[in-house]
Amino acid sequence: MKRLSALIASLSLAAACMPDSNLAADGDRSDETGVDALDPSADVSELRIDVYPAPDLYADAEGAPTLLPQTFDVDLAGENRFELLAPVLLQGLVSGTAISPWLSADLPGSTEPIAAAIQLAQARGVQGAATSTDAEGRFGVLVAPGRGYQLAVVPDRADVPLWVDTVDVMSDTTLPVAIPGGSALWGRVLTAEGGPFAEAAVRAVHASGVAGPWTRTDADGNYVLRVAPGLWTLQSQGRQNGRDPLVSIGEIEVDTVGAQVDLRYGPLAAHGVGGTVTSPSGPVVGATVRLTAQSLDGYEHPAALTVEVSTNAPGNFDTRVPAGTYAVEVLPARGVALSPRALTGVRVTSDTDLGTMLLSRFSRAQVAVVDPAGVPVAGASVQAIEAGHGRRSFTAVSDDLGLAEIDLPDVPLEIALIPPSNRPDLALSWQSATGGEAMPAQLVFPEGQQLTGRIEHREGARVRGVQAAVVEIIDLHGVLRGVAVTNADGDFNATIAWPPPAR
Amino acid sequence: MVWHTACMLSMSSACLYLEPAWRDVNLRPEILNPADFVPGRTIERKLRSPVDNFLVRAFDEDDDELLFLWEDPSSAYEVLDLPDQPGTPRIQASQLRLAWDASLDGEVVSCQVFDGEDTVTVRWRIVLDGVDADFDSGADAREVEP
């Protein structure tokens, strides 16, 4: 059967992955492949390796993982042999001081178990875990051993502060989390006219980015949250109608006596926005129309709002938003060969008819895929992803002449160029392009260099390779630079562009 | 064939035999991972935090080019494709990456593996601890200055 060249939401990435027989025991595989190994003197401190063991292969009889994803630094001076450590158990009991002055308990409150959500994450890499406590505040979670985890404890109730700390978890650990009562962050949410905004959802966001629980304002617009002293952002989401802006006040310094912050909304009166989405073959059904506020009229604090609506059978849409300036995107559904369309700077100060928006059909592009010497590359995968919009993905495979035919939307695209398995000298690369007439006629692979290594784990006294683990090489900017799957012995062999392409 | 059988039964000394035309039989892709894949069965999968990968590795006895068509419950995902592993037949693979999100509890992720003729579907149901968790930072809400 011939290679298929198709619009699909996936592709089989054919990068360099050598057969088992090509892997030398001493770790130097350059002779077998004819490809230079990375220069050990090169600065690769910016590269990390994320390893994802297959969960179906590494679980015990109860389904608990025996290996979890881990992150390592590239070590060219060594052999890049990495041992996945067995998960360890982090367990604990969350308690907190509920400030309840109306109780007969001693003021200012009582210590009691707290139901909360628990998250562990490292700033860099893929190690982490998430769970929640039971009603008694107990939790237990398996995590890859590591240092410097950010532990976030988000209470279910807003009268107990969000707790964020840094912990090392190198072995089974029991961690009592006693959350102090913290300080009050209180104030009023007001309407544009200065009246109380009742039933507005309010929360505090920690400087680390973790958000605390929501509370609601009372009939007079009052809210009160408990937070640890430090820097916070106050957010209000308004009513539960999905059409009120998210209003934020950042860099609120809360000390031990707390802080009072009032938050005022701008005008909430909504105006109708409607239109029709069509294509050369008729109305477009089921497209998403997304309105994102670029600015909202009458708001003194930063405010954000995104509203989405779908087109109906005649291709019509209709929604309501507050006055402001909006970006309007029309996003065809996945599998529909129509280009998205975007309008910016759309002013909405009254009911607004956007008229008929015509979505163009995809354009067929024929791209020559070549190596750095200009030689056509057969079997290369070209994966184009919409830059923004719906981030739809389209793929074609180059034929024996190195030509790839692909139907693409007429919008900016991120293109992943993925070499075939018989070209370990070529590296995965990312390029920017625009579909339609601006699509380049030729895509050139960068030269690559090999990064080899082995992923291992310990079974009793024995060290074994980890098979079928996905190995991703990520640069300092978080860009995927190479990917490989380990073989039955745990060996991997990825080719990456080196030196790195200019950004 | 009927004629040929009747001829044989009539004890005729010479029966013309026409060999049936040879038809290629397509062999369906065989799923290597997930290892606990059983056709038609939905696999329960606990989503790992902060991101998790759903991996499908397959080989096709005919060595057909396989297409991996993912369907997921969230728009916040990436399809990250994987190297072929050479061999006869080679192993082809694809994966979908999902960020941990409490709202994914109970949702289904599926991958159709298509060899140009037959399709094998792998299906997972996500199970989560901590379904009440709210870890979103609000950073994804695009703020604009007044």
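In this short talk I will go through the confidence of a predicted model, then one of its sheets, and then one of its cavities.

Let me begin with confidence, since what we look at here is a prediction and not an experiment. For the complex as a whole, the predictor gives an ipTM of 0.71 and a pTM of 0.78. Chain A has a mean pLDDT of 85, with 87% of its residues at 70 or more, while chain B averages 75, and 61% of its residues score at least 70.

Within chain A, confidence is highest in strand β28, residues 352-358, at 97, and lowest in helix α1, residues 30-33, at a mean of 37. Over residues 1-44 of chain A the pLDDT is below 50, although the model shows 136 contacts for this stretch beyond near neighbours in sequence. In chain B, the highest value belongs to strand β8, residues 119-127, at 94, and the lowest to helix α1, residues 2-9, at a mean of 62. Chain B also has a stretch, residues 130-146, where pLDDT stays under 50, and for which the model has 55 contacts beyond four places in sequence. Where pLDDT is low, the predicted coordinates should not be read in detail, so please keep that caution in mind when you look at such stretches.

Now to the sheet. In which order do the 4 strands of this open sheet in chain A run? The order is β7-β6-β9-β10, and the pairing is antiparallel. At the edges we find β7, residues 128-132, and β10, residues 163-169, each of which pairs on one side only. From one strand to the next, the twist averages 20 degrees. As a general point, strands of a sheet pair through backbone hydrogen bonds, either parallel or antiparallel. If we take one pair from this sheet, strand β6 of chain A, residues 116-121, joins β7(A) in the antiparallel sense over 5 bridges, and A:A117 has A:S132 in β7(A) as its bridge partner.

Finally, the cavities. What kinds of residue line the second largest cavity, by class? The lining has 8 nonpolar, 1 polar and 1 charged residues, and among them are A:V160, A:L162, A:P213, A:R226 and A:W232. Strand β15 of chain A, residues 222-227, supplies the largest share of this lining, with 3 residues.

Conventions. Residues are numbered from 1 along each chain as its sequence is written. Chains are lettered from A and ligands numbered from 1 in the order in which they are written. This is a predicted model: local features need pLDDT of at least 70, side-chain atom pairs count only at pLDDT 80 or more; totals for chains, interfaces and linings use all residues. Side-chain values use heavy atoms; hydrogens and water are left out. Two strands pair if DSSP finds at least two bridges between them. Helices (H or I, at least four residues) and strands (E, at least two) are DSSP runs, numbered from the N terminus. Axes are lines fitted to C-alpha atoms, for helices over the stretch in contact, and angles run from 0 to 180 degrees between N-to-C directions. pLDDT is the predictor's confidence in each residue, from 0 to 100. Contact means heavy atoms within 4.5 Å. On a 1 Å grid over the protein atoms alone, a cavity is a set of points where a 1.4 Å probe fits but cannot get out, and a pocket is an open set with protein on both sides within 12 Å along at least five of seven lines; lining residues have an atom within 4 Å of a point. Ala, Val, Leu, Ile, Met, Phe, Trp, Tyr, Cys and Pro count as nonpolar, Asp, Glu, Lys and Arg as charged, and the others, Gly among them, as polar.
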